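Colleague: Could you take me through this model, starting with the fold and ending at the ligand?

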Amino acid sequence: MNRIMMFILLVTVTGIQAETKPEKAIGSQLPDAIRSLLIEEMQAINTGMSKILTGLVSADYELVAQQAQAIHDSFIMAQKMTDEQRQVLKKTLPTAFIEKDKAFHQLSAQLAEAARAGNSQQQLQYFQSMQSACVACHQQHATDRFPDFLQ
Ligand code: HEC
């Protein structure tokens, strides 16, 4: 095998590893005060998701819209953080995390929209996509809190 082929093989193999390996658990890297805000936000999201399920199974789309919008708007972290904490966060969070967070919040806006339009099929699809987004982010970034993902 010549050197170039060897190089390509190496890049490919390490590239695949980088994708499957949990990227970066962020919990333990955050200062306690910021981690507490993140946990607070997660608990609010968790409660919101169960209320959305109640709305979906009872065709209470107003409840779905309201809760999905609240998840979208609930930047507890952003609201409560000082400028200094914001700087720390910027340095600590990997781009992959920020992208997942953005995509997740976008889905909640889409769910709210579908609920306002009364489209039950779309609501289910977005709700399911949100659930997948929880798991995808936790697998990569929440393994300090949920180490069972590493098994
Ligand atoms: C962009 C990333 C991301 C997304 C999306 C995300 N989470 Fe999290 N979540 C985290 C991280 C990181 C932690 C762990 C923080 C730590 O280590 O303390 C966490 C922790 C939690 C916790 C534990 C809180 C506690 O009491 O310690 C719950 C519950 C939770 N998330 C629910 C959800 C639900 C439900 C969704 C989807 C509807 C979701 N999360 C989506 C990143 C995310």
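Modeller: The model is predicted, and a few questions and answers on it follow.

Colleague: How many helices and how many strands does the secondary structure of the protein come to?

Modeller: From the N terminus on, the elements run α-α-α-α-α-α-α. The count is therefore made up of DSSP runs of helix. The protein comes to 0 strands and 7 helices.

Colleague: What percentage of the 151 residues in the protein is buried?

Modeller: A residue is buried if 20 or more other C-beta atoms lie within 10 Å of its own. Of the 151 residues, the share that is buried is 15%.

Colleague: Which elements are included in what covers the buried residues of H3?

Modeller: Helix H3 runs over residues 61-73 and reaches 18 Å from its first C-alpha to its last, close to the 18 Å expected. Its buried residues are Tyr 61, Val 64, Ala 65, Gln 67, Ala 68 and Ile 71. What covers these buried residues includes H2, H6 and H7.

Colleague: Which helix gives the largest share of the shell around the ligand?

Modeller: At least two residues of the shell come from each of helix H2 (32-57), helix H6 (95-116) and helix H7 (120-141). The largest share, 8 residues, comes from H2.

Colleague: Which residues come nearest to the ligand?

Modeller: The shell around the ligand divides into 5 charged, 5 polar and 13 nonpolar residues. There are 23 residues around the ligand, and those that come nearest are Gly 27, Met 42, Cys 134, Cys 137 and Ala 142.

Notes: Residues are numbered from 1 along each chain as its sequence is written. This is a predicted model: local features need pLDDT of at least 70, side-chain atom pairs count only at pLDDT 80 or more; totals for chains, interfaces and linings use all residues. A residue is near a molecule or strand if its C-beta atom, placed from the backbone, lies within 6 Å of it. Helices (H or I, at least four residues) and strands (E, at least two) are DSSP runs, numbered from the N terminus. Ala, Val, Leu, Ile, Met, Phe, Trp, Tyr, Cys and Pro count as nonpolar, Asp, Glu, Lys and Arg as charged, and the others, Gly among them, as polar. The expected span of a helix is 1.5 Å times one less than its number of residues. A residue is buried if 20 or more other C-beta atoms lie within 10 Å of its own, exposed if 12 or fewer, and partly exposed in between; C-beta atoms are placed from the backbone. Two residues are in contact if their C-beta atoms, placed from the backbone, lie within 7 Å.
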